Amino acid sequence: VTSAERPITETEGKLLDYIREWGKKVVIVLNKVDLFNEDEESINKVKDFVAENAGRILGMKPPVFAVAGRLALQSKLAKGGPNSAELW
């Protein structure tokens, strides 16, 4: 899990290097994409940045999934209201 605010920090890069050495498969979750206010172009740029940099370390581009915890919370708080399905 990496943050959209500061994706692929130095520490995360080192962890990815260890994972490469261990030969493990990787899936990356990009958290806090709701900071981009649903601007799909910006979200895709950050996802591409993460995939490219992680790929350079790992030797292959891992899948990157964008999530927004704030939208899930809003959906939970709506408790079945008219916007809950849209938010989730």
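The chain contains four helices and three strands, where helices (H or I, at least four residues) and strands (E, at least two) are DSSP runs numbered from the N terminus. From the N terminus on, these elements follow the order β-α-β-α-β-α-α. The structure is a predicted model, in which local features need pLDDT of at least 70 and side-chain atom pairs count only at pLDDT 80 or more, while totals for chains, interfaces and linings use all residues. Residues are numbered from 1 along each chain as its sequence is written, and side-chain values use heavy atoms, with hydrogens and water left out.

Of the 88 residues in the chain, 31% are buried; buried denotes under 20% relative accessible area, exposed over 50%, and partly exposed the range in between (1.4 Å probe, protein chains only). The chain exposes about 6,400 Å², of which carbon and sulfur atoms supply 54%. Among the contacts with a separation of 6 or more, 62% involve residues 24 or more positions apart, a contact being defined by heavy atoms within 4.5 Å.

The three strands form an open sheet in the order E1-E2-E3, with parallel pairing. E1 and E3 are the edge strands, each pairing on one side only. Two strands are taken to pair if DSSP finds at least two bridges between them. In general, strands of a sheet pair through backbone hydrogen bonds, either parallel or antiparallel. E1 and E2 run parallel and are joined by two bridges; Ser-3 has Asn-31 in E2 as its bridge partner. Three bridges join E2 to E3, and these strands also run parallel. Here the bridge partner of Leu-30 is Ala-66 in E3.

Val-29, located in strand E2, is classed as partly exposed because its relative accessible area is 26%. Leaving aside neighbours within four places in sequence, Val-29 is in contact with Val-1, Thr-2, Phe-65 and Val-67.

Within strand E1 (residues 2-3) lies Thr-2, which counts as buried because its relative accessibility is 3%. When residues up to four places away in sequence are not counted, Thr-2 touches Pro-7, Ile-8, Glu-12, Ile-28, Val-29, Leu-30, Asn-31 and Val-50. Ala-66 belongs to strand E3 (residues 64-66) and counts as partly exposed because its relative accessibility is 33%. Apart from neighbours within four places in sequence, Ala-66 is in contact with Leu-30, Val-33, Ile-43 and Lys-47. Ala-66 and Asp-34 are 32 residues apart in sequence, with a C-alpha to C-alpha distance of 9.3 Å.

Two loop residues were examined for backbone geometry. Most residues other than glycine have a negative phi, and most peptide bonds are trans. Ile-8, although not a glycine, has a positive phi of about 50 degrees. Ile-8 is placed in the loop between E1 and helix H1 (10-22) and counts as buried because its relative accessibility is 17%. Lys-32, likewise not a glycine, has a positive phi of about 70 degrees. Lys-32 lies in the loop between strand E2 (28-31) and helix H2 (40-58); with a relative accessible area of 35%, Lys-32 is therefore partly exposed.

The axes of H1 and H2 come within 8 Å and cross at roughly 45 degrees. Axes are lines fitted to C-alpha atoms, for helices over the stretch in contact, and angles run from 0 to 180 degrees between N-to-C directions. The two helices H1 and H2 are therefore oblique to each other; angles under 35 degrees count as roughly parallel, over 145 as roughly antiparallel, 65 to 115 as roughly perpendicular, and the rest as oblique. The crossing of H1 and H2 is right-handed, a term applied if the near helix is turned clockwise from the far one by less than a right angle, and left-handed if anticlockwise. In this pair, Gly-13, Leu-16, Asp-17, Ile-19 and Arg-20 of H1 meet Ala-54, Ile-57 and Leu-58 of H2.

Note on methods. Accessible areas come from the Shrake-Rupley method with a 1.4 Å probe; for residues, only the protein chains shown count as cover.
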